[in-house]
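Colleague: Can you take me through this one? I have a few questions about its packing.

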Amino acid sequence: MIYIENKRRKLEKIKEEYPNAVILDITSNSATRYAKILSPFYPHKNIPIPFTDGLKATCVEAVWQGLKVFEQADVDFTTFKNDSMRDLKRTVRKYGIPKGHRKGAFGKELLGYFDARMLIYLPTYKWVLDNIPEVHHVIERIKEQNKKQDIVLLDYNTNTDFRDITRPLSHAGLVKLYIEGNYPTNDLGRYKPMSQEELEQKKLDIKKQKQEIKKRAKMQQQGQVADLFITTKSN
């Protein structure tokens with residue numbers, strides 16, 4: 001299985017819950033370059049901007065942030081060129097209330113949050129997974145390793161459901177979907193934001209999953225202690 005955990009959690013706690021798993025930090029602050037390149041902030045460059053012929057951006061986050069439209073600011077072409085992995089976020093405090101995402105850098109249509117996620121963020125990140133050879137190689141390595149043992153991907157956001165627009169989306173969750181062959185298409189007619197009932201059920205499911213993970217970890221630890229006792233006794 002592939003699991004998503006918050007990078008801010010103590011590593012010791014994560015190791016306790018997943019004693020036999022590989023833990024991989026795929027955020028922009030990862031100490032490992034081959035994992036860092038999965039971050040939406042990583043400047044692979046020459047990334048196509050959806051609905052915008054001839055204009056490209058440095059990274060996925062540059063596309064997402066650059067196409068944002070605020071009360072006091074429209075598309076930011078300088079953001080498309082930002083390759084520093086820093087200062088990419090365009091904030092409400094600085095630019096006012098967000099109005100949506102421009103459908104293309106030169107477009108007139110504004111997309112709502114869910115439509116923008118489906119038509120801009122998801123396909124742009126998938127383009128990186130599909131078309132950057134180095135990235136695709138890392139994905140294949142994770143996929144192969146996952147056949148042998150569990151993988152825990154660390155991210156600052158842990159919302160793995162693209163239909164849940166109450167929280168920022170986890171790119172680690174998209175990596176999981178991609179590897180499992182469940183990456184969503186940009187078909188707006190097929191998907192809708194989660195209803196309140198679905199959100200409530202999601203909370204219950206997450207709580208249940210956490211309980212099961214802790215129970216499994218405890219059983220594994222008990223099994224290891226038992227094995228140690230048997231080995232010690234036989235010696």
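Colleague: Does Q65 count as buried or exposed, and why?

Modeller: This is a predicted model, to begin with. Q65 counts as buried because its relative accessibility is 1%, and buried means under 20%.

Colleague: Where is the place of Q65?

Modeller: Q65 sits in helix 3, which covers residues 60–66.

Colleague: And which residues is Q65 in contact with, leaving aside neighbours within four places in sequence?

Modeller: T79, L88, K89 and R90.

Colleague: How many residues are in the largest nonpolar core?

Modeller: That core has 50 residues, and L38 and L153 have the most contacts inside it. Strand 1 (2–6), helix 3, helix 6, helix 7, strand 8 (151–155) and helix 8 (171–179) each give two or more residues to this core. Helix 6 supplies the largest share, ten residues.

Colleague: What does L153 touch, not counting residues up to four places away in sequence?

Modeller: L153 touches I2, Y3, I4 and E5, along with L24, I26, A172 and V175. There is also a second, separate core of seven residues, A21, V152, L154 and I213 among them.

Colleague: Changing topic: at what angle do helix 6 and helix 7 pack?

Modeller: About 85°, with the axes 5 Å apart. The two helices are therefore roughly perpendicular to each other.

Colleague: Which residues meet there?

Modeller: From helix 6, V128, L129 and N131; from helix 7, P133, V135, H136 and I139. By class, this contact has five nonpolar and two polar residues, with no charged ones.

Methods:
Residues are numbered from 1 along each chain as its sequence is written. This is a predicted model: local features need pLDDT of at least 70, side-chain atom pairs count only at pLDDT 80 or more; totals for chains, interfaces and linings use all residues. Side-chain values use heavy atoms; hydrogens and water are left out. Axes are lines fitted to C-alpha atoms, for helices over the stretch in contact, and angles run from 0 to 180 degrees between N-to-C directions. Helices (H or I, at least four residues) and strands (E, at least two) are DSSP runs, numbered from the N terminus. Angles under 35 degrees count as roughly parallel, over 145 as roughly antiparallel, 65 to 115 as roughly perpendicular and the rest as oblique. Contact means heavy atoms within 4.5 Å. Ala, Val, Leu, Ile, Met, Phe, Trp, Tyr, Cys and Pro count as nonpolar, Asp, Glu, Lys and Arg as charged, and the others, Gly among them, as polar. Buried means under 20% relative accessible area, exposed over 50%, partly exposed in between (1.4 Å probe, protein chains only). A nonpolar core is a set of buried Ala, Val, Leu, Ile, Met, Phe, Trp, Tyr and Cys residues joined through side-chain atoms within 4.5 Å.
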